[in-house]
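Okay, thanks for coming, everyone.

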Amino acid sequence: MSNGSEGATPGFLVWRLSMKWRVAVDRAVAPLGLTHAQYSLMASLYGMRRSGLRPSQRQLADRTGLEALYVSKLARGLESAGLLDRTRDPDDPRAVRLALTEQGREVTGKAIDVVQGLLRQLLAPLGGLDSPRTREFSRDLRTLLDAPLDPFGTTDHETEQS
């Protein structure tokens, strides 16, 4: 292992990997005028659009794991840059629907290609994007993402002592 991660806890390793990924994506999409957070929002919108959806800011926040207020801030900035349209939902005036503009779709397509290249690099040690090891890793990540976390809940240690 590198960077002093020998003997590190799984939580520390997850944090380090997420930071490594965030920094790499930030650097890779910067020439396109994007940050990692903006890319995450736009790539999610791109994928949702391909599925026939025009999500609300709340739905996009749920999809990306970003806070709704942060999604709103990012969306306003992307709208100002001409990459995104924000419109009030006619069925719910409190909701704002999001869609990429033509320019936004172009930039996002380029950014997705760049990030896919990074992903291939990241997963090469596991045998590549379509390897059995990567599929297992992806299943494990989904399991962890689906597991509820309650920072104020009962720990296993407390349960064992009851």
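So, the secondary structure here comes to seven helices and two strands; helices are DSSP runs of H or I with at least four residues, strands are E runs of at least two, and both are numbered from the N terminus. Starting from the N terminus, the order is α-α-α-α-β-β-α-α-α.

A word on the ground rules. This is a predicted model, where local features need pLDDT of at least 70 and side-chain atom pairs count only at pLDDT 80 or more, while totals for chains, interfaces and linings use all residues. Residues are numbered from 1 along each chain as its sequence is written, and side-chain values use heavy atoms, with hydrogens and water left out.

Overall dimensions next: the C-alpha trace spans about 55 × 40 × 25 Å along its principal axes. Of the 162 residues in the chain, 29% are buried, meaning under 20% relative accessible area, with exposed being over 50% and partly exposed in between (1.4 Å probe, protein chains only).

Now, the inside. The largest nonpolar core has 27 residues; such a core is a set of buried Ala, Val, Leu, Ile, Met, Phe, Trp, Tyr and Cys residues joined through side-chain atoms within 4.5 Å. Which element gives the most to this core? That's α2, with seven residues. Among the residues with the most contacts inside the core are Y39, L41, M42 and L84.

Let's stay with α2 for a moment. Its buried residues include H36, Y39, L41, M42 and M48, and the buried residues of α2 pack against α1, α3, α4, β1 (84–89), β2 and α5. After α2 comes G52, with a positive phi near 85 degrees.

Back to L84. Leaving out residues up to four places away in sequence, L84 touches L41, L45, A75, L78, E79, L98, A99, L100 and T101, where a contact means heavy atoms within 4.5 Å.

Last stop, A24, which lies in helix α1. Is A24 buried or partly exposed? A24 counts as partly exposed, because its relative accessibility is 26%. From A24 to P151 you go 127 residues in sequence and 29 Å in space, C-alpha to C-alpha.

That's my tour, thanks.
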